[in-house]
Amino acid sequence: STISNNIDFSINSGATVDFGSSVLNGSSGAFTLNSNAKIVTANTNGFYSTGNNGSIQVGGVRTYSSTADYEFKGTATGIFTTSTNPQVRNFIVNNTTGNVVMSQPMTVNGVLTLTAGLLTTTTTNLLTISATGSASAATNASFVNGPIAKVFAAPLTGFTFPVGKSGTGFRNIGVTAPSGASTFRAEFFRAL
């Protein structure tokens, strides 16, 4: 069906909307992803705050909550601005047909869930797990391919970095509780 004119869209708290590879466009209205809602995309460009890229392409302001959940089933996260930029509550990588590339830096305050596909990061497009955040363990099916950072603050606990390297496999790298507030960064390199 065709959408036109000034129609506003809102994903409310508690709701989940899976766009698949579809695109929401045609409206000059706004789009809002509210706190405690979840959005899922298999679009190869993920989400964008402006322009004709990604799952959301309405002409009005696009508002993405930093306390919402984001699931990526496509090849890239896209470049989107959250209300507390650049943060999300829960971040899910679930690309059963390939990998997901981080298009911008992002901080996870809830849980990083690695279900399927690698999450490729760089020092520029770094994924950071906040002091309140956690991550699922790396598996052959899914791990962070590149650097990942973890912030430690009271109460200090250990953390397992779910890392690996494309083509060589995964390694869970564990850190015991540090003696004080700090940030650790880990990346797996396989020695030949």
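**Strand pairing and salt bridges**

Tutor: Strand E15 (residues 144-145) runs parallel to its partner E17, and the two pair over two bridges. This is a predicted model, in which local features need pLDDT of at least 70, side-chain atom pairs count only at pLDDT 80 or more, and totals for chains, interfaces and linings use all residues. Residues are numbered from 1 along each chain as its sequence is written, and side-chain values use heavy atoms, with hydrogens and water left out.

Student: Which residue of E17 is the bridge partner of Asn-145?

Tutor: Two strands count as a pair if DSSP finds at least two bridges between them, and E15 and E17 have two. Within E17, the bridge partner of Asn-145 is Gly-164.

Student: How many strands does the protein chain have?

Tutor: Helices (H or I, at least four residues) and strands (E, at least two) are DSSP runs, numbered from the N terminus. By that count the protein chain has zero helices, and its strands number 19.

Student: Which residue in E11 is the bridge partner of Val-93?

Tutor: E8 and strand E11 (residues 111-116) pair in the parallel sense over four bridges. The partner of Val-93 in E11 is Leu-114.

Student: Why is E17 described as largely enclosed by the rest of the structure?

Tutor: Buried means under 20% relative accessible area, exposed over 50%, and partly exposed in between (1.4 Å probe, protein chains only). E17 is largely enclosed by the rest of the structure because, of its seven residues, the number buried is six.

Student: Which residue takes a positive phi in the hairpin of E17 and E18?

Tutor: E17 and strand E18 (residues 169-175) are antiparallel and pair over seven bridges. Lys-165 stands opposite Gly-169 in E18. The hairpin has three residues between the strands, and the one with a positive phi near 90° is Gly-167.

Student: With which residue does Glu-187 form a salt bridge?

Tutor: A salt bridge is a side-chain nitrogen of Lys or Arg within 4 Å of a carboxyl oxygen of Asp or Glu. A search of the whole structure finds four of them. In this one, the closest N and O atoms are 2.8 Å apart, and the partner of Glu-187 is Lys-165.

Student: How many residues apart in sequence are the parts tied together by Glu-187 and Lys-165?

Tutor: Glu-187 is partly exposed, at 29% relative accessible area. Lys-165 lies in strand E17 (residues 159-165) and Glu-187 in the segment after strand E19 (182-186), so the separation of the parts they tie together, in residues, is 22.

Student: How far apart in the chain are Glu-71 and Lys-38?

Tutor: Their side chains meet in a salt bridge (3.0 Å, N to O). Glu-71 is in strand E6 (residues 69-72) and Lys-38 in strand E4 (residues 38-41), and their separation in residues is 33.

Student: Which residue forms a salt bridge with Asp-69?

Tutor: Asp-69 is buried, with a relative accessible area of 11%. The N to O distance is 2.7 Å, and the side chain it meets belongs to Arg-89.

Student: The side chain of Thr-121 reaches the backbone oxygen of which residue?

Tutor: Thr-121 sits in the loop between strand E12 (119-120) and strand E13 (127-129), and is buried, with a relative accessible area of 5%. Leaving aside its neighbours within four places in sequence, Thr-121 is in contact (heavy atoms within 4.5 Å) with residues including Met-102, Leu-127 and Asn-145. At 2.6 Å, its side chain reaches the backbone oxygen of Pro-147.

Student: What share of the 192 residues is buried?

Tutor: Along its principal axes the C-alpha trace spans about 55 × 35 × 25 Å. Buried residues make up a share of 45%.

Notes:
A polar contact is a pair of N or O atoms within 3.5 Å; within protein, one must be able to donate a hydrogen and the other to accept it, and residues adjacent in sequence count only if both atoms are side-chain atoms.
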